[in-house]
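Student: I have a new model open and would like to learn how to read it. Could we go through it together?

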Amino acid sequence: MRCKSIEDEKKHLSKNPIIKFVLNKFKNDIIETASLAFPKNILDIGCGNGFITKEIAKAFPNTKITAVDIEQKKIDYAKRHNNARNIKYVKGNMFHLPFKKNSFDLVICNEVLEHLVDYKKAASALAALSSRYILVSVPNESLFRIATFMRGKHLRSWGNMPGHVNNWTKSQFAALLKPHGKIIKLKTSTVWTIALL
């Protein structure tokens with residue numbers, strides 16, 4: 001998992017103008033989509049090193065954000081480099097969190113479900129924690145693979161990232177989410193699919 005953490009850091013700190021453009025668009029699309037929920041408190045599950053969490057915190061300065069990741073190294077990095085006064089970082093597993101049902105206006109889960117074998121259970125866990133909205137994003141296959149391959153990364157697996165055990169198109173992802181709520185917004189952000197339920 002340390003390799004993935006380093007890869008995430010390199011991606012978000014890249015000087016490559018194309019990567020910067022794509023990531024900035026993704027962050028802006030996440031914030032624009034989240035703004036439809038008018039959240040007073042947010043749970044960000046799988047926050048990683050906190051790069052996107054920090055942008056969300058800037059966009060919603062009066063909103064309390066609880067950011068969770070399973071890896072302590074990522075939490076430590078986020079606290080050092082991507083902290084804000086309205087973010088509280090917590091180490092935890094999304095299936096065993098110490099929060100009551102319906103505790104958050106908005107539950108966010110970016111780039112996590114593609115890593116989980118039991119993604120249906122994960123989607124149910126997100127829905128249980130939210131009192132109103134869920135915002136989820138995953139790589140949009142096959143756009144994500146093509147972009148990864150063209151960057152010269154993971155050539156042997158034809159651009160499939162290590163750890164990605166699920167691959168969905170936009171319509172497949174929408175079908176996965178339908179049992180968990182009404183899809184209010186479904187959009188493509190370059191190589192990702194973003195959904196608000």
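This is a predicted model: local features need pLDDT of at least 70, side-chain atom pairs count only at pLDDT 80 or more; totals for chains, interfaces and linings use all residues.

Student: What percentage of the residues is buried?

Tutor: A residue counts as buried under 20% relative accessible area. Here, 49% of the 197 residues are buried.

Student: How many helices and strands are there, and in what pattern?

Tutor: The protein has seven helices and seven strands. Along the sequence they run α-α-β-α-β-α-β-β-α-β-α-α-β-β. For the fold's contacts, look at sequence separation: among contacts with a separation of 6 or more, 66% join residues 24 or more positions apart.

Student: Now a pair of helices. At what angle do helix 2 and helix 3 cross?

Tutor: Helix 2 covers residues 17-35 and helix 3 covers residues 51-59. Their axes come within 10 Å and cross at roughly 45°. Angles under 35 degrees count as roughly parallel, and 65 to 115 as roughly perpendicular; helix 2 and helix 3 are therefore oblique to each other. The crossing is right-handed.

Student: Which residues meet there?

Tutor: From helix 2, F26, K27, I30 and I31 meet I52, E55, I56 and A59 of helix 3.

Definitions and conventions
Residues are numbered from 1 along each chain as its sequence is written. Side-chain values use heavy atoms; hydrogens and water are left out. Axes are lines fitted to C-alpha atoms, for helices over the stretch in contact, and angles run from 0 to 180 degrees between N-to-C directions. Helices (H or I, at least four residues) and strands (E, at least two) are DSSP runs, numbered from the N terminus. Angles under 35 degrees count as roughly parallel, over 145 as roughly antiparallel, 65 to 115 as roughly perpendicular and the rest as oblique. A crossing is left-handed if the near helix is turned anticlockwise from the far one by less than a right angle, and right-handed if clockwise. Contact means heavy atoms within 4.5 Å. Buried means under 20% relative accessible area, exposed over 50%, partly exposed in between (1.4 Å probe, protein chains only).
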